[in-house]
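Have a look at the sequence and the model first.

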Amino acid sequence: MVDLTANLSSLSLESGLTGDEKNLLYLRARFSALTICCCAHASFLVNLVHSLRGIIKRRTADSLASGEDCDLCLGILGMGHMGKQLLHTLLEKTGVKPSHIKISTRRPESAVVFVQSGVECFFDNRRLAAWADVLFLCCLPSHLPKVCADLHSHLSKYCLVYSFTSAVPVTRLAQLLAHDFIVKPQYVFAACDTADVCPFLMEASCPLTMNGGISLGLNWVCAVLYSLLNICTSASLGSSDALSVIKGIFKEKWPHTVELNTHSFISSSYASSLLADEPFPWISLTDAQNRETPLLRFLSNSKPMQQCISTAYKSLLETTEKWD
């Protein structure tokens, strides 16, 4: 195809911009990099949760006998730029079937292509909240009060909410939703000229070794692992089985030098009294993302565990050098 803009600088995006405006062009690269990282990290969480639920179901004879479907139900609220990019990534980079993904948007007609692939689309936030195991909030901050009013009291305690809504901290979101099972990535931008994570996405977007001007703290990794622990608790798994199942997700990626135990997740006093067949207590993800936790201290001091997570990240999102 012929590039009609070739040698025609007047048709370029930069044409007509003032010097001050050109200094802000790096924000385009930052926006692109942030979108890629957001989608990749969300897909990583989905793959972990999907694998965890599959292991739990296989351990439960009653579920297998009844033929219960162990597929994860994913809901996306909002079909703007972020919602569309997230949906593309989930369809390409996770094992979740299109029939197990539903969208709630004010403009269902904008998702015709996805509907043809098997994704259901409608405009009913309450219905979506009541159905989803994991609910992604991809709405604008200005829409959040109305969205939270719709979701309030319709979310199951065990529905994991993952928020992409900027400028609204997880503590405020927890108040609006009256819900504490929420993960919200908090990205930090370093002072640099660009935020280019492509083309080597797996290396550049890995949560513990990010580069390109964007970083994501260990608190997010803690929230992800605590969410897995809560899912085990919701399934009434004893602490010993919960640890075994979580390790099972990482399989051969788990180094023998990593000693993950009850003390890694909860206080020493509570861990000492916790029986092997007794479930872990329910962990508030709001607290996990805003306070120093036993898991944060453990991860900070365990390089093997950090390496394990990094290896699992690349493996679960397919270990290719580039994304198409």
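Helices here are DSSP runs of H or I with at least four residues, strands are runs of E with at least two, and both are numbered from the N terminus. Thr 311 has its place in helix H16 (residues 303-316). This is a predicted model, in which local features need pLDDT of at least 70 and side-chain atom pairs count only at pLDDT 80 or more, while totals for chains, interfaces and linings use all residues. Residues are numbered from 1 along each chain as its sequence is written, and side-chain values use heavy atoms, with hydrogens and water left out.

Cys 206 is 105 residues away from Thr 311 in sequence, and their C-alpha atoms are 9.0 Å apart in space.

Stepping back, the protein chain has 16 helices and eight strands. Of its 324 residues, 49% count as buried. Taking contact as heavy atoms within 4.5 Å, 70% of the contacts between residues at least 6 apart in sequence join residues at least 24 apart.

Now for the interior. A nonpolar core is a set of buried Ala, Val, Leu, Ile, Met, Phe, Trp, Tyr and Cys residues joined through side-chain atoms within 4.5 Å. Here are the two cores side by side.

| Core | Residues in core | Some members |
|---|---|---|
| Largest nonpolar core | 81 residues | Leu 86, Phe 136, Leu 225, Phe 265 and Leu 299, those with the most contacts inside it |
| Another core, apart from it | 21 residues | Ala 132, Leu 135, Leu 155 and Val 168, among others |

Leaving aside neighbours within four places in sequence, Phe 136 is in contact with residues including Ala 42, Val 46, Leu 86, Leu 90, Tyr 162 and Phe 164. In soluble globular proteins, nonpolar side chains tend to be buried together.

Which residues line the largest cavity? They are Phe 44, Leu 48, Trp 220, Val 221, Val 224, Leu 225, Phe 250 and Ile 309. A cavity is a set of points, on a 1 Å grid over the protein atoms alone, where a 1.4 Å probe fits but cannot get out, and lining residues have an atom within 4 Å of a point. H2 and helix H10 (218-234) are the elements that give two or more residues to this lining, and H10 has the largest share, four residues.

Key: Buried < 20%, exposed > 50% of the residue type's maximum accessible area, 1.4 Å probe, protein only. 1 Å grid on protein atoms, 1.4 Å probe; cavity = no way out; pocket = protein on both sides within 12 Å on 5 of 7 lines; lining within 4 Å.
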